[in-house]
Amino acid sequence: MWTRQVGESPIKLLLLHGGPGFNHEYLECFADFLPPEGVELYFYDQLGSYFSDQPDDSSLWIDTRFREEVEQVRSFLGLESFYLCGQSWGGYLAIEYALKYPSHLKGLVISNMTASIPAYVASIQALRNQLPEPIVSRMLEFEERGDFEAEAYQELVMEHLYKKHICRLDPWPEAVRRGFAHANMQVYNTMQGPNEFLVTGNFKDWDRFADLKDIHTPTLLLSGRHDTMAPSDIEEMGRRIPASRVAICEAGSHLSMWDDQETYFAHLLQFIRDVEADRFNRD
């Protein structure tokens, strides 16, 4: 497993990237905002991701193994009383980690992730159904044939869904384009499915809404107004996690750390400052 430390501070944050099967590259902007404000940052590429080993074994791509991997990495890095920030699939992992290993956590950040894949599927289908009917019908034609790699289908998904709900910047930042180019599609297809808007993989039935009441770590729920995750789901998570705060980036989408960057990192840094000052539960 590849890891990289940026900065040096008693305040430490481990970052979990999304995908599954993507890597830390699309989150490189965290290094521009956290270490200068006194947060020691740890990037890490999960097994199967670009800078880490990439075994050709689809049996490895299950959520419980990834959760235990996070604990192994934490132990190896010697992180105690640290912040865990998970984005997208990384937020799913962060929820799983917080439920099993809460004693190590000072703060939890769930970024751009709902607590339920079925809720996510409902949200993305609602977004797609807002498109003109001819576009939806054309997408469905490719999907019914299983022709997910067709250039015309990829263009439809990119133009009408990814550019509106994954990252709203035009062009996409170089780090985001690089991260997408380096994705391990065996991991992604096994767990997620063909793309962000068609979920057929092995985590499709995951739902932790009923268990959120058991997360007692101070928690920040960060998301974008234009995200693939419904803001109403994020707000419901905030009602269920006892010590939590919801922050919706009004101009942001799924990568709101890029397309609503100042807002995103202002919320993240304020959360860390409030936890450090022991005033989070009093606001």
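Strands β4 (residues 82-87) and β5 run parallel and are joined by six bridges. The model described here is predicted. Within this pairing, L84 has L108 of β5 as its bridge partner. Strand β5 itself spans residues 105-111 and is mostly covered, with six of its seven residues buried. Strand β5 also pairs with strand β6 (residues 219-224), again in the parallel sense, over four bridges. Here V109 has L220 in β6 as its bridge partner.

A further set of pairings involves strand β3. This strand covers residues 40-45, and six of its six residues are buried, so β3 is largely enclosed by the rest of the structure. In a regular strand, side chains alternate between the two faces of the sheet. In β3 both faces are covered: E40, Y42 and Y44 lie on one side, L41, F43 and D45 lie on the other, and all are buried. Strand β1 (residues 2-6) pairs with β3 in the antiparallel sense over five bridges, and V6 stands opposite L41 of β3. Strand β2 (residues 12-16) pairs with β3 in the parallel sense, over three bridges. In that pairing, the bridge partner of L14 is Y42 in β3.

The structure holds 22 aromatic pairs. A pair of aromatic rings is described by the distance of the centres and the angle of the planes. One of the pairs is formed by F82 and Y97, which are arranged edge-to-face, with 6.4 Å from centre to centre and 70° between the planes. F82 belongs to strand β4 and Y97 to helix α3, so this pair ties together parts that are 15 residues apart in sequence. Both F82 and Y97 are buried. Y162 and F180 form an aromatic pair that is edge-to-face, at 6.3 Å centre to centre and with 70° between the planes. This pair links distant parts of the chain, Y162 being in helix α6 (residues 151-165) and F180 in helix α7 (residues 174-181), 18 residues apart. Y162 has a relative accessibility of 9% and therefore counts as buried. F180, with a relative accessible area of 26%, is partly exposed.

One aromatic cluster is made up of W61, F66, W89, Y92, F203 and W206. At F66, a member of this cluster, the ring has the charged end of R65 sitting over it, 4.4 Å from the ring centre.

Rolling a probe the size of a water molecule over the atoms shows where empty space is left. The largest pocket contains about 340 Å³ of space. Its lining consists of 13 residues, of which Q154, Y162, F180, M185 and P194 are the closest to the pocket centre.

Cavities of 30 Å³ or more number two. The largest cavity has a volume of about 120 Å³. The residues lining the largest cavity are G18, G19, F22, Y26, Q87, S88, I166, F180, E196, H254 and L255.

Finally, H216 is located in the loop between α8 and β6. H216 is exposed, because its relative accessible area of 58% is over the 50% limit for that class. H216 and E151 are 65 residues apart along the chain, and their C-alpha atoms are separated by 46 Å.

Key: Residues are numbered from 1 along each chain as its sequence is written. This is a predicted model: local features need pLDDT of at least 70, side-chain atom pairs count only at pLDDT 80 or more; totals for chains, interfaces and linings use all residues. Side-chain values use heavy atoms; hydrogens and water are left out. Buried means under 20% relative accessible area, exposed over 50%, partly exposed in between (1.4 Å probe, protein chains only). Helices (H or I, at least four residues) and strands (E, at least two) are DSSP runs, numbered from the N terminus. Two strands pair if DSSP finds at least two bridges between them. Rings of Phe, Tyr and Trp (its six-membered ring) pair if their centres lie within 6.5 Å; planes under 30 degrees apart count as stacked, over 60 as edge-to-face and the rest as tilted. A charge sits over a ring if NZ of Lys or CZ of Arg is within 6 Å of the ring centre and within 35 degrees of the ring normal. On a 1 Å grid over the protein atoms alone, a cavity is a set of points where a 1.4 Å probe fits but cannot get out, and a pocket is an open set with protein on both sides within 12 Å along at least five of seven lines; lining residues have an atom within 4 Å of a point. Grid points are joined across faces, edges and corners, and a volume is the space filled by probe spheres set on the points.
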